[in-house]
Amino acid sequence: MEMMLYLQLPPPLEFVSERIADPKALDTFRVNYQKFRCGGAQGAKGEVQQLLVSVHQTSEEKYEAEEKAYELAKDVRIDPMIDEGRFISAFERSKRMRSVVVVETGIVDALAARALDVIPRKCHRSSIYVVTDSVTDALYGDVVLDGLLGAGLGASKLVIPSETDASGENSTEMHKSLTTFSNLADQILAGGVDKRSCIVSLGGGVVNNICGYLASSIYRGLALVHVSTTFMGQVDAAIDFKQAVNHCANRIQSRTAPLVWGLLFFFTTAGCGKNLLGSYYPAATVVLDPSLLTTQSTRHRRNGLAEAAKHGMVHSTDLLDYIRAGNIDDPAYLDGVVRRTISVKVPTLTRYDESDFNEMAPQYGHAPAHAVEFLSWHGACNEPLLHGEAVAIGMCVSAEVAFIMGVCAESVVEEHYAIVEALGLPSCVPPELDLDKVIDKLSYDKHTLSGKPTMGLLVKMGKMYEKDGVYGQPVDADILREAFEINQDRAAK
Ligand SMILES: NC(=O)c1ccc[n+]([C@@H]2O[C@H](COP(=O)([O-])OP(=O)(O)OC[C@H]3O[C@@H](n4cnc5c(N)ncnc54)[C@H](O)[C@@H]3O)[C@@H](O)[C@H]2O)c1
């Protein structure tokens with residue numbers, strides 16, 4: 001059988017072309033590599049592995065080399081091919097997905113007039129589920145439902161619990177779980193759904209994240225509209241395609257019986273953590289009404305400010321200056337932070353695949369933060385930490401790491417603490433939190449590769465450290481521990 005190949009060659013990557021000078025041999029490598037990726041010929045696998053081993057020694061380097069080789073080979077089309085008795089083909093899908101972000105004061109009150117613009121047209125004749133939590137429902141549930149019904153849409157409402165945590169703040173974090181996900185899926189499937197149905201997530205970051213995962217899963221993808229009602233949601237959680245629930249969060253009941261659940265946690269949470277189950281799935285529309293933020297507590301607004309400040313620290317000192325100069329109780333300031341943060345974040349989402357900067361920038365401080373936050377909700381701290389509070393701590397720990405690794409000056413570390421504290425956010429890991437547990441929990445972070453957390457580090461405010469075009473830096477366990485210890489000790493002084 002004749003083998004047909006269509007080659008469209010991008011410029012060869014240096015490390016491969018250095019070793020395979022002959023253009024024909026280079027093409028053969030690329031074809032073999034593609035076969036290897038398609039589960040094809042043994043010979044191809046052998047050749048690829050031999051080259052990768054000859055180039056790089058550590059498994060991490062080999063992985064990176066393989067990724068690069070994939071880049072080199074990905075435009076080779078094999079169409080169709082019989083080789084060594086096997087049929088090999090390949091397919092891919094490159095559907096462009098677009099999220100439209102609408103920031104408009106008063107839009108929620110005016111939904112009867114605006115709903116047909118923000119709900120995708122294809123959904124107008126299908127069932128629409130507004131998913132919200134009990135606290136948001138009491139504030140805005142009926143306004144939104146009535147607005148959708150008033151626009152002639154077939155909407156109904158599902159409410160998940162939200163309650164006061166051990167620190168006295170409202171939160172839905174303890175319900176960001178597979179149990180909630182599954183209950184919602186049951187209700188939506190029982191209530192009636194078709195491929196043009198739409199999920200409207202009405203709430204803060206937790207509801208936005210759960211609904212995103214739900215919308216990506218039911219019928220393998222329903223339309224999603226976020227109506228994000230918290231500062232955290234408006235500056236960050238809803239302006240994203242990352243959707244998730246926590247693993248094991250359904251076991252959290254620390255307020256009702258801290259001792260019993262604390263013990264249960266101790267024996268049962270191996271492998272659990274923040275956002276471990278989820279998908280990359282964009283909302284069709286993100287609707288943001290900054291006037292809703294006035295009903296949030298100051299602590300929750302500061303919580304959102306932490307994520308906005310993160311964007312400023314990582315890549316916009318203008319944003320950071322704006323954030324530092326404002327008053328958290330001023331609605332015009334909240335509105336300004338929302339708009340400015342979105343302007344800074346949106347390009348990183350559109351160009352997400354172009355550089356790991358776009359992946360690491362929104363994750364700044366998050367590797368330590370997720371471990372600390374998750375543990376704080378599972379009885380390891382006196383009180384749970386809100387997500388942005390944990391991120392504030394995580395950014396200070398990251399600055400300590402950067403200093404130990406020689407990436408930044410000590411003044412940059414001090415600047416981190418000064419900014420975070422001036423914004424009214426915690427800067428240090430709670431003293432009662434066992435660092436062994438934190439380090440262990442970090443191993444479940446998705447950016448931990450070959451046992452080492454990969455973290456973005458700052459050279460200075462507004463500039464992330466980069467080495468050979470890579471922004472995610474592997475951090476040794478002893479450096480990470482030292483950074484955590486310095487940070488935790490600082491609180492005691
Ligand atoms: N890229 C991402 O996907 C991303 C980014 C940032 C944060 N997050 C996630 O977001 C979550 C935190 O979000 P959050 O801080 O909004 O918490 P949350 O969703 O728990 O909301 C906090 C509380 O405020 C209530 N609430 C909502 N709107 C309100 C309003 N306008 N006025 C008064 N109360 C209101 C909620 O009912 C809840 O009780 C975390 O789970 C975090 O992981 C995700």
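**View 1. Contact of helix 16 with helix 19.** In this predicted model, C396, V397, E400, V401 and I404 of helix 16 meet I479, L480, E482, A483, F484, I486 and N487 of helix 19. Two residues are in contact if their C-beta atoms, placed from the backbone, lie within 7 Å. Helices are DSSP runs of H or I with at least four residues, strands are runs of E with at least two, and both are numbered from the N terminus. The residues of this contact divide into nine nonpolar, one polar and two charged. Ala, Val, Leu, Ile, Met, Phe, Trp, Tyr, Cys and Pro count as nonpolar, Asp, Glu, Lys and Arg as charged, and the others, Gly among them, as polar. The axes of helix 16 and helix 19 (residues 477-492) come within 8 Å and cross at roughly 125°. Axes are lines fitted to C-alpha atoms, for helices over the stretch in contact, and angles run from 0 to 180 degrees between N-to-C directions. Helix 16 and helix 19 are therefore oblique to each other; angles under 35 degrees count as roughly parallel, over 145 as roughly antiparallel, 65 to 115 as roughly perpendicular and the rest as oblique. The crossing is right-handed, a term for a near helix turned clockwise from the far one by less than a right angle, with left-handed for anticlockwise.

Residues are numbered from 1 along each chain as its sequence is written. Local features need pLDDT of at least 70 and side-chain atom pairs count only at pLDDT 80 or more, while totals for chains, interfaces and linings use all residues.

**View 2. C381 in the loop between helix 15 (366-377) and helix 16 (387-404).** C381 counts as buried because it has 21 C-beta neighbours inside 10 Å. The cut-offs are 20 or more other C-beta atoms within 10 Å for buried, 12 or fewer for exposed and in between for partly exposed, with C-beta atoms placed from the backbone. Apart from neighbours within four places in sequence, C381 is in contact with L375, S376, P430, E432 and L433. From C-alpha to C-alpha, C381 and E432 are 6.0 Å apart in space, and they are 51 residues apart in sequence.

**View 3. Contact of helix 12 (residues 317-325) with helix 13 (residues 331-350).** The two axes come within 10 Å and cross at roughly 165°. That makes helix 12 roughly antiparallel to helix 13. Their crossing is left-handed. Helix 12 contributes L319, Y322 and I323, and helix 13 contributes G336, V337, R340, T341 and V344. Five of these residues are nonpolar, two polar and one charged.

**View 4. Contact of helix 7 (residues 178-191) with helix 8.** The axes of helix 7 and helix 8 are 10 Å apart, at an angle of about 55°. The two helices are therefore oblique to each other, and helix 7 passes helix 8 in a right-handed crossing. T180, F181, L184 and A185 of helix 7 make the contact with I210, Y213 and L214 of helix 8. By class, the contact has six nonpolar, one polar and no charged residues.

**View 5. The shell around the ligand.** The ligand is surrounded by 33 residues, of which V135, N170, G204, G205 and T230 are the closest. A residue is near a molecule if its C-beta atom, placed from the backbone, lies within 6 Å of it. Elements giving two or more residues to the shell are helix 6 (134-150), strand 9 (170-171), helix 8 (205-217), helix 9 (231-237) and helix 11 (298-315). The shell has eight nonpolar, 18 polar and seven charged residues.
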